[in-house]
Every structure is written in C-alpha cells, then in structure tokens.
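Please read them alongside the sequence and the model.

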Amino acid sequence: MGLLDGKVVLVTGGSRGQGRAHAVTSAREGADVIIVDVTSNLSSVTYPMAREEDMATTVKAVEALDRRIVAVEADVREQAQLDAAVAQGIREFGKIDALIANAGIWTQAPFWKLTDQQWEEMIGVNLSGVWRSAKAVAPHMIERQSGSIVMISSVNGLEAGPNFAHYTAAKHGVVGLMKTVALELAPYGIRCNSVHPGAVRSGMTENQMAFDMYKGGPGGTVDDLIEAGKHYGALKATTFMPPETIADATLFLNSDLASSITGAALPVEAGHLLIPGVNQTPA
C-alpha cells in the first residue's frame, strides 16, 4: 500500500531536479502523474533549463514504477496552457487529487541592478505561476470537494537572501498566497500548504553561476558547492540535500497523514533557520 494509492498528482516543472523527484516519489507511492514544463530557456536565466530529453527521462522513470503519466509542455505564466494541461490530465485520468506547484527559476544581482526582465520573469514564474497553477485546478477540486495543493516556496520565503531580491520577494509572496488559498478553499475540503527547501542539489544549483557564488569568485566547482553546504544546516554531516528530501516532505502533506494540516509552512533545511548567524563582513 502506498501513501497515494489511486490518486492523481500534477507537478509543475516536473522534468528534472525537484520536479522529477516529486513525480517519481508520487508514482512510487501509487499515484498516476501529470507533469508540465517548458523545454527551452527563459531569456534572463543563464543556466540550462529543462529540455525535451529531461521530460522524457521523467516519463520513463514514472512508467518504470508501473504508473501512468501525462507530460505536457506548458508555461506556468500562461493560464490557457495550464488550463489545457489540467483538462488533458482529467480526460486521461478522470481527476486530479493533488497539485505540486514546483516550477521555479533563480537568477541573481543586487536589487538596484536587476533589470525589468529579470524581475518580471522571476515574479511571473515563481509567484504568478504558482497562483495560475492553483487557479487551474481549483474549480475541479471544488467540484469534487477534496484536494491538496502544495506550493514549493524556499527558505528565502522565510528569510532574506542577498543578491536575489526578486527571488526572495516571490518566495515570500508564495507564503501569503498559500495562506489565503488555504483559507478560501477550506470550506470545500481542500488543503493548501507550502514547503520551504533549503540547500538542494538540482539544475538550479548545480551550474557555474552557483559554483562561482559559493567559491566567491570565478572558477567554482561542485566541490565548492558541497563545501559551502556543510556550513548551511545545524544538523550534523549535512550539506546540499538530494531533491528526494523535499519530495518526501511534500508526499507527507499530500497524503492522508496530513489530512488535518492546512495553511502550514514546512521548512526542510537541515535546521538552517535555527542558526542565529553572525555578520561575517561588518562595514
């Protein structure tokens, strides 16, 4: 018996990284899966985003678990594309029980150097895309009087982050959105919660921009990433977490184990938020 036997889970940004982990974990626990993603880069994002082969790999991974999957190319910034993906998933599987609003991007610059394009694409994907995803499934869930929505925020939805004000603003916005969605959908028996990942290994972090950031200059490598991660959490012997760690927390929230949990923000960050921290570079 799996925790999601007989259920259908929609995952945005499901082609790789955390999204693939959500899809595969849901399938492992008995769910059929719908994934949506884009397969080309946004203009402001400098690291490689998902490609068609990434989506195909997720499809094979879910099918290897003897579960069904529908994969749709759709941009979370476009309501019509999300609505069409939801409709296609319902035609195929008859229902959608859970949404994991996972799609996200990350870029960096001091707030006063951010371009309009960097700001708009960040808010468009990381905040408006979450709202649009929830909006796409809500009528169906309301009709069925049940459902679970998990919005993937970030530790930076709970604390500041230097050089990515747009990311921090979007992820903080997800918390307010989550709480309001939870409140408005509670009368229909639908739950909504957010998960706040800390340092996670994925395509968003395993790229040269991130390596250089953690090295403190050009020429960074994955070793710099792992070493920096050792200083992130409070728990012993932790560094950047595998994406399955986040997927397991999300699985809990989508399962009946969390049937009375709604409006909650769940940090998954190896105790990072317990660390008071110090000013390493006082002016």
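1. Helix α4 covers residues 116-144, and at 1.5 Å a residue its 29 residues should span 42 Å; the end C-alpha atoms lie 40 Å apart, which agrees. The expected span is 1.5 Å times one less than the number of residues. Helices (H or I, at least four residues) and strands (E, at least two) are DSSP runs, numbered from the N terminus.

2. The model is predicted: local features need pLDDT of at least 70, side-chain atom pairs count only at pLDDT 80 or more, and totals for chains, interfaces and linings use all residues. Residues are numbered from 1 along each chain as its sequence is written, and side-chain values use heavy atoms, with hydrogens and water left out.

3. α4 has a kink of about 40°, centred on S128. The bend at a residue is the angle between axes fitted to the seven residues ending there and the seven starting there. After α4 comes Q145, with a positive phi near 60°.

4. Seven strands form an open sheet with parallel pairing, in the order β3-β2-β1-β4-β5-β6-β7. β3 (69-73) and β7 (265-268) are at the edges with a single partner strand each, so one side of each has no neighbour in the sheet. Strands pair if DSSP finds at least two bridges between them.

5. β1 (residues 8-12) and β2 (residues 32-37) run parallel and are joined by 5 bridges. V11 has I35 in β2 as its bridge partner.
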